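Q: I want to learn how to read features off a model. Can we go through some together?
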Amino acid sequence: MDQDTYVEWLVKRKDPAYAWPARIALGFLCVVSLLLAFAKVWGILLLGAVGAASYFLFQTLSVEYEYLYVDGGLTVDKILGKARRKKLLECTKDQLLLVAPSGHQGAKEYESNGMRVYDCSSTVKGAKTYTLYYQQGSQRTKVIFEPNDKMLQAFRHTSPRKVIL
């Protein structure tokens, strides 16, 4: 492995418990508002409002995280509805403090009050998550994520003292 390390990994967040009931309810409201749009003038306004609400809810219910590890730096993008991408965080190898399995005793010393916390995991019960700590200036950040073995080995290769497997 050389300095041009490139590892990409995509993790889909588990849908919340209310996802399917919300989708069914909005689908039902869309049908009702469509029928009202043919009968009443205000039904067109209702159809527009329900359509917009459905669009935004469907976007926020489907969340994926893309981890991109390039040359010692990690970038995490949040993908909403498989269409919109938002850069969530970016960390260089110089800013990296520690990568360890979630709940590891050695990570306790990196915890601090007021630190940002990002949960970029699938939230599936029993999933093997890792915690990454990094610092930008005075701001310390904690990231919970689910890297694959190839990404963990890339972390270990570029920063062996900062990675606990």
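Q: Where does Asp71 lie?
A: A word on the source before the case: this is a predicted model. Asp71 lies in the loop between strand 2 (63-70) and strand 3 (73-80).

Q: Which loop holds Thr123, and what is its phi?
A: Thr123 sits in the loop between strand 6 and strand 7. Its phi is near 60 degrees, again a positive value in a residue other than glycine. Thr123 counts as partly exposed, at 36% relative accessibility.

Q: Is Ser122 buried or exposed?
A: The cut-off for buried is under 20% relative accessible area. Ser122 has 5% relative accessibility, so Ser122 counts as buried. Ser122 lies in the loop between strand 6 (116-119) and strand 7.

Q: Which residues does Ser122 touch?
A: Set aside residues up to four places away in sequence. Ser122 then touches Val11, Lys12, Arg13, Lys14, Ala127 and Glu146. With Glu146 there is also a polar contact: 2.6 Å, side chain to side chain.

Q: Which strand holds Thr131, and is Thr131 buried or exposed?
A: Thr131 is part of strand 7 (residues 130-136). Its relative accessible area is 5%, so Thr131 is buried.

Q: What is Thr131 in contact with, beyond its neighbours within four places in sequence?
A: Read the partners as stretches of numbering. One set is Leu98, Val99, Ala100, Pro101 and Ser102; the other is Lys142, Val143, Ile144 and Phe145. Thr131 and Leu98 are 33 residues apart along the chain, yet their C-alpha atoms are separated by 7.9 Å.

Q: Where is Thr158 found, and which side chain does it meet in a polar contact?
A: Thr158 is found in helix 3 (residues 149-158). Its side chain makes a polar contact with the side chain of Tyr69, at 2.3 Å. Thr158 has 14% relative accessibility, so Thr158 counts as buried.

Q: How do the axes of helix 1 and helix 2 cross?
A: Take the approach, then the angle, then the hand. The axes of helix 1 (residues 19-39) and helix 2 (residues 42-61) come within 8 Å and cross at roughly 160 degrees. Angles over 145 count as roughly antiparallel, so helix 1 is roughly antiparallel to helix 2. The crossing is left-handed.

Q: Which residues make the contact between helix 1 and helix 2?
A: On helix 1 they include Ala22, Leu26, Leu29, Cys30 and Ser33. On helix 2 they include Trp42, Leu46, Val50, Ala53 and Leu57.

Q: How many disulfides does the count come to?
A: A disulfide is a covalent bond between the sulfur atoms of two cysteines. The cut-off is a pair of cysteine sulfur atoms within 2.5 Å. Here the count comes to zero disulfides. Cys91 shows the reading: its nearest cysteine sulfur, that of Cys120, is 12 Å away, and Cys91 is in no disulfide.

Q: Is Cys91 buried or exposed?
A: Cys91 is buried, with a relative accessible area of 3%. Cys30, by its value of 26%, is partly exposed.

How values were computed
Residues are numbered from 1 along each chain as its sequence is written. This is a predicted model: local features need pLDDT of at least 70, side-chain atom pairs count only at pLDDT 80 or more; totals for chains, interfaces and linings use all residues. Side-chain values use heavy atoms; hydrogens and water are left out. Helices (H or I, at least four residues) and strands (E, at least two) are DSSP runs, numbered from the N terminus. Buried means under 20% relative accessible area, exposed over 50%, partly exposed in between (1.4 Å probe, protein chains only). Contact means heavy atoms within 4.5 Å. A polar contact is a pair of N or O atoms within 3.5 Å; within protein, one must be able to donate a hydrogen and the other to accept it, and residues adjacent in sequence count only if both atoms are side-chain atoms. Axes are lines fitted to C-alpha atoms, for helices over the stretch in contact, and angles run from 0 to 180 degrees between N-to-C directions. Angles under 35 degrees count as roughly parallel, over 145 as roughly antiparallel, 65 to 115 as roughly perpendicular and the rest as oblique. A crossing is left-handed if the near helix is turned anticlockwise from the far one by less than a right angle, and right-handed if clockwise.
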